Amino acid sequence: MTRAENAKNNFLNGYNCTQAVALAFSDLIDLSKEKILAVCLPMGGGMGRLRQTCGAVSGAALCIGMIFAGISKNECYALVQEFARRFVARNGSINCGELLSGAHLKVDTSPIAEERTPEYYKKRPCPDLIFDAAEILEEMLKEQNKA
């Protein structure tokens, strides 16, 4: 199973978008699974369901910071911006609300997460966005000899 498939499966098994991506790279991160889940929890739903930066993008950015620990701030920002450029090229935006409305979904900012049902998964673009985020991140890690 690829990391992208793993990330998508993580989401389909109940983790939020940020957690799903980060868990797919947990073997490269010097934190326990519990710490990764805790650090990533607030970033789901475009940061606390505010529908801002896509949680899959946030998950990849957090992974960049943890996997490339020790690089400069400028180098880190450059990697995150390159990741975002590639994600936008595939999906049109890094904004959760825009990605959801582009899929003709209501952009709900209630702090109450929706129930995960088969219908929920069918209508959401999130599994594919998570797949793309993990795939892009893995490509970038290979290019940097980190995978």
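## Pocket, helix crossing and salt bridges

The lining of the largest pocket divides into 15 nonpolar, eight polar and five charged residues. This is a predicted model, where local features need pLDDT of at least 70, side-chain atom pairs count only at pLDDT 80 or more, and totals for chains, interfaces and linings use all residues. Residues are numbered from 1 along each chain as its sequence is written, and side-chain values use heavy atoms, without hydrogens and water.

The largest pocket holds about 390 Å³ of space. Of its 28 lining residues, N16, G44, G45, R49 and R116 are the closest to its centre. A pocket is an open set of points on a 1 Å grid over the protein atoms alone, where a 1.4 Å probe fits, with protein on both sides within 12 Å along at least five of seven lines; lining residues have an atom within 4 Å of a point. The volume is the space filled by probe spheres set on the points.

Helices are DSSP runs (H or I, at least four residues), numbered from the N terminus.

The structure holds 13 salt bridges (a side-chain nitrogen of Lys or Arg within 4 Å of a carboxyl oxygen of Asp or Glu). E82 and R86 are four residues apart in helix 6 (residues 73-91), so about one helical turn separates them.

Conventions:
Nonpolar A, V, L, I, M, F, W, Y, C, P; charged D, E, K, R; others polar. Helix = DSSP H or I, 4+ residues; strand = E, 2+ residues; numbered from the N terminus.
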